[in-house]
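Work through the exercises below with the model open. Try each task before reading its solution.

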Amino acid sequence: MFDITVAAVVFGVVFLAELPDKTALAGLMLGTRYRASYVFAGVAAAFAVHVALAIAAGSVLTLLPHRVVQGVVGVLFLAGAAVLLLKKDDGEEEIGKPADQSFWKVAGAGFSLILVAEFGDLTQIMTANLAARYDDPLSVGVGAVLALWAVAGLGIVGGRTLMRYVPLKLITKIAAVVMLVLAGLSLYEAAAG
């Protein structure tokens, strides 16, 4: 059964965590060079694959006792918050340019870039944690995919404008605080459970 509240929480957490990520910047760079709809098609497909893998991993975690799952999820959220707070800016990365502007070349470049860059990424791990926490693969999957697609769309179409008004460091700190709150809730449930 679909739970809009779970999907909304997942959307918010994943959206904030993905905004300062290098893949949002990669989407922005690809979007400035190629047709935005072609780039988005490839990036969106790659994110859907990553969410499916994360949901599968999170579903496996739900087979463990509830207290253990909450403890693991809490520790992983703490680690995620630490990564966000301690990570340094990587700067811009060079992205290979497809030889032509055809749909398949551009979408393929976006898909390949995101598929490789996001594998084992913080948001993929967070999505697995959220799937384990809520034991609701559909709601978590929808929230995570929509968040990643929203960030990709912003990065491709409006990233430069957003970055003028909202500093990347502020977005990173907000995402870290949200993850610390989720870590606290998970660890409290593990201890009280």
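The model is predicted, so local features need pLDDT of at least 70, side-chain atom pairs count only at pLDDT 80 or more, and totals for chains, interfaces and linings use all residues. Residues are numbered from 1 along each chain as its sequence is written, and side-chain values use heavy atoms, with hydrogens and water left out.

**Exercise 1. Describe the secondary structure and the burial of the chain.**

Step 1. Assign elements as DSSP runs, numbered from the N terminus: helices are H or I with at least four residues, strands are E with at least two. The chain has eight helices and zero strands.

Step 2. Classify burial by relative accessible area: buried is under 20%, exposed over 50%, partly exposed in between (1.4 Å probe, protein chains only). Of the 193 residues, 44% are buried.

Step 3. Take contacts as heavy atoms within 4.5 Å. Among contacts between residues at least 6 apart in sequence, 93% join residues at least 24 apart.

**Exercise 2. Find the largest nonpolar core and its main contributor.**

Step 1. A nonpolar core is a set of buried Ala, Val, Leu, Ile, Met, Phe, Trp, Tyr and Cys residues joined through side-chain atoms within 4.5 Å. The largest one has 32 residues, and V10, V14, V39, L130 and V140 have the most contacts inside it.

Step 2. Helix 7 gives the most to this core, with eight residues.

Step 3. Look at V14. Beyond its neighbours within four places in sequence, V14 contacts T123, M126, T127, L130, A144, A147 and L148.

**Exercise 3. Classify two of the aromatic pairs.**

Step 1. Rings of Phe, Tyr and Trp (its six-membered ring) pair if their centres lie within 6.5 Å; planes under 30 degrees apart are stacked, over 60 edge-to-face, the rest tilted. The whole structure holds three pairs.

Step 2. F11 and F15 have ring centres 5.6 Å apart and planes at 15°, so they are stacked. F11 is partly exposed at 31% relative accessible area, while F15 is buried at 17%.

Step 3. Y38 and F103 have centres 5.2 Å apart and planes at 85°, so this pair is edge-to-face. Y38 lies in helix 3 and F103 in helix 5, so the pair ties together parts 65 residues apart in sequence.

Step 4. Ring pairs link Y38, F103 and W104 into a cluster.
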